[in-house]
Amino acid sequence: MSNCLFCKIIAGDIPAEKIYEDADVLAFHDIGAQAPHHFLVIPKKHIATLNDVDDAALLGKLTLTASKIAKDLGFSQDGYRVVMNCNEQGGQTVYHIHLHCLGGRNLSWPPG
Ligand code: AMP
Ligand code: ZN
């Protein structure tokens, strides 16, 4: 998708602070971090919203990539949150699915 921000990051047309990359997924630091640790995990394939996914293996890989990075960065034992926003009322602003992983502080619940 030529007009998609995250596809441009995957293509290298827009810089990002990459943490992990393989054939299927890319993880990078969120530019507007909402916690001391805040990174995103995205599929390399363009998928607009969670409503458009039927690939269970890919969704599992996004989640396992997040937990592995949380372990590698040393905040998994303290705790963290993974969340995917979907569409307008879910707070989605970039329409290429991405798993947020936030940690490094106490996170309140329920979210706003
Ligand atoms: P969402 O609101 O769930 O769609 O989340 C989109 C996220 O993408 C927000 O947390 C933004 O801070 C983040 N974001 C937007 N542009 C960039 C960028 N160029 N590099 C890294 N993160 C970005
Ligand atoms: Zn995209």
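How many residues surround ligand 1, and which are the closest? In this predicted model, 16 residues surround ligand 1, and the closest are D30, N85, T93, H98 and H100. The legends below begin with this site and then move to other parts of the chain.

**Figure 1. Ligand 1 and the residues around it.**
Ligand 1 sits in the largest pocket of the predicted model. Its shell holds 16 residues, with D30, N85, T93, H98 and H100 the closest. Helix α1 (5–11) and strand β2 (25–29) each supply at least two residues of this shell. Helix α1 gives the most, with three residues.

**Figure 2. Q92 in the loop between α3 and β5.**
Q92 is placed in the loop that runs between α3 (87–90) and β5 (99–103). Is Q92 buried or exposed? Q92 counts as buried because its relative accessibility is 6%, under the 20% limit. Its side chain reaches the backbone nitrogen of N87 at 2.8 Å. A polar atom of the Q92 side chain also lies 3.0 Å from the backbone oxygen of V94.

**Figure 3. N87 in helix α3.**
N87 lies in helix α3. The phi angle of N87 is positive, at about 60 degrees, although N87 is not a glycine. With a relative accessibility of 29%, N87 counts as partly exposed. The backbone nitrogen of N87 is reached by the side chain of Q92 at 2.8 Å.

**Figure 4. H96 and its contact with P43.**
The loop between α3 and β5 also holds H96. H96 counts as buried because its relative accessibility is 0%. Which backbone atom does the side chain of H96 reach? The side chain of H96 reaches the backbone oxygen of P43, at 2.8 Å.

**Figure 5. P110 and the cis peptide bond.**
P110 lies in the segment after β5. The peptide bond from W109 to P110 is cis, with omega near 0 degrees. P110 has a relative accessible area of 61% and is therefore exposed. P110 and H96 are 14 residues apart in sequence, and their C-alpha atoms are 25 Å apart in space.

**Figure 6. E17 and I31.**
E17 is placed in the loop between α1 and β1 (18–21). At 56% relative accessibility, E17 counts as exposed. How many residues apart along the chain are E17 and I31? They are 14 residues apart along the chain, and their C-alpha atoms are separated by 8.6 Å.

**Figure 7. F75 in the loop between α2 and β4.**
The place of F75 is the loop between α2 (56–73) and β4 (80–83). F75 is buried, as its relative accessible area is 3%. Between F75 and L99 there is a separation of 24 residues in sequence and 17 Å in space, C-alpha to C-alpha.

A disulfide is a covalent bond between the sulfur atoms of two cysteines. The count of disulfides in this model is zero, where a pair of cysteine sulfur atoms must be within 2.5 Å to qualify. C86 is in no disulfide, because the nearest cysteine sulfur, that of C4, is 15 Å away and the cut-off is 2.5 Å. C4 is buried, with a relative accessible area of 7%. C86 counts as partly exposed, at 23% relative accessibility.

Terms used. Residues numbered from 1 in each chain as written. Chains lettered and ligands numbered in written order. Predicted model: local features only at pLDDT ≥ 70, side-chain atom pairs only at ≥ 80, totals over all residues. Heavy atoms only, no water. Buried < 20%, exposed > 50% of the residue type's maximum accessible area, 1.4 Å probe, protein only. Near = heavy atom within 4 Å. 1 Å grid on protein atoms, 1.4 Å probe; cavity = no way out; pocket = protein on both sides within 12 Å on 5 of 7 lines; lining within 4 Å. Sits in = over half its atoms within 2 Å of the grid points. Helix = DSSP H or I, 4+ residues; strand = E, 2+ residues; numbered from the N terminus. Polar contact = N/O pair within 3.5 Å; in protein donor to acceptor, adjacent residues only side chain to side chain.
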